[in-house]
Amino acid sequence: MSLPVFVHPGPFEGTVTLAGPEGRHAVTVKRIQPGEQIMLVDGRGTHATVTVTATRGREELTGEVEEVGVDTQPRPAVTVVQALPKADRSELAVDLATQAGADEIVPWQAERCVAKWVGPKAAKGVAKWEAAALAAAKQSRRTRIPTVREPVTTAQLAELIAGRPALVLHEESATPLREIDLDVDELVLIVGPEGGIGPEELAKLTDAGARAVKLGPEVLRTASASMVALSAIGVLTGRW
């Protein structure tokens, strides 16, 4: 059975202390005891196996580092651009994308999005997505936590993908994902809203260099599309 994972900024050598929210989660929620082993990750690929030697209060433990490793960056690195789902599916989309290995997540205010991140809602939305990505990364034992970027409009997204390999998931595309050359260092994966990407908006993205692809015979919900696409990319490349 894999070890429970907690986030620690590092470095990992000698005796380490886990405190704050992560320490509280370990000591109070998970009830980690001296003698047990845990895994600490810095969120950037470095991880350490630690034997717990003591706990103090409700939110602090110390332990001895037994082993340190570094996971290489998967190739291609995948940035998921996720159109804003409805509120009840918003964090689910991030959770599933993180479980499937997204390296970066960009919220997209697409034209057909029902949800609108305006003013203070944008900062609140990003914070919720960051929390969802952190929780999902720990649950799936990831050593790299995906970065959640600031939301973008379609015009900003077109600038973001200029000169970069980018795929738009689109049910009307005649090109299946399996026919795309994925031998690249990075890839932008664009997931549209529940109502689909409108023709004018799709044209803006393809004019910027994105390529429309069909993921499969079924039409997926926006919250699950990135997970399915990342899984397909995983088996079609060296990511898996």
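**Figure 1. Antiparallel pairing of strand 4 and strand 5 in the predicted model.** Strand 4 and strand 5 (residues 60-70) are joined by 10 bridges and run in the antiparallel sense. Within this pairing, T46 has V70 of strand 5 as its bridge partner. The two strands form a hairpin that leaves 3 residues between them. In its turn, G57 adopts a positive phi of about 65 degrees.

**Figure 2. Hairpin of strand 3 and strand 4.** Strand 3 (residues 37-41) runs antiparallel to strand 4 (residues 46-56), and 5 bridges join them. Q37 stands opposite T51 of strand 4. Between the strands of this hairpin lie 4 residues, and G43 has a positive phi near 85 degrees.

Figure 3. V80 stands opposite I105, a residue of strand 7. In a regular strand, side chains alternate between the two faces of the sheet.

**Figure 4. Helix 3 and the elements that cover its buried residues.** Helix 3 comprises 20 residues (residues 120-139), which at 1.5 Å a residue should span 28 Å; its end C-alpha atoms lie 29 Å apart, in agreement with that expectation. The buried residues of helix 3 include A122, G125, V126, W129, A132, A133, A136 and A137. K138 of helix 3 is also buried. An α-helix has 3.6 residues a turn, so residues three or four places apart point the same way. Among the elements covering the buried residues of helix 3 are strand 1 (5-7), strand 6 (77-83), strand 7 (104-108) and strand 8 (147-148). The cover also includes helix 1 (20-29) and helix 2 (87-99). After helix 3 comes R141, with a positive phi near 60 degrees.

**Figure 5. Lining of the largest pocket.** The volume of the largest pocket is about 450 Å³. Its lining consists of 26 residues, and L169, H170, E171, V219 and L220 are those nearest the centre of the pocket. Helix 5 (199-207) and helix 6 (222-236) each contribute at least two residues to this lining. By class, the lining of the largest pocket holds 12 nonpolar, 7 polar and 7 charged residues.

How values were computed. Residues are numbered from 1 along each chain as its sequence is written. This is a predicted model: local features need pLDDT of at least 70, side-chain atom pairs count only at pLDDT 80 or more; totals for chains, interfaces and linings use all residues. Side-chain values use heavy atoms; hydrogens and water are left out. The expected span of a helix is 1.5 Å times one less than its number of residues. Buried means under 20% relative accessible area, exposed over 50%, partly exposed in between (1.4 Å probe, protein chains only). Contact means heavy atoms within 4.5 Å. On a 1 Å grid over the protein atoms alone, a cavity is a set of points where a 1.4 Å probe fits but cannot get out, and a pocket is an open set with protein on both sides within 12 Å along at least five of seven lines; lining residues have an atom within 4 Å of a point. Grid points are joined across faces, edges and corners, and a volume is the space filled by probe spheres set on the points. Ala, Val, Leu, Ile, Met, Phe, Trp, Tyr, Cys and Pro count as nonpolar, Asp, Glu, Lys and Arg as charged, and the others, Gly among them, as polar. Two strands pair if DSSP finds at least two bridges between them.
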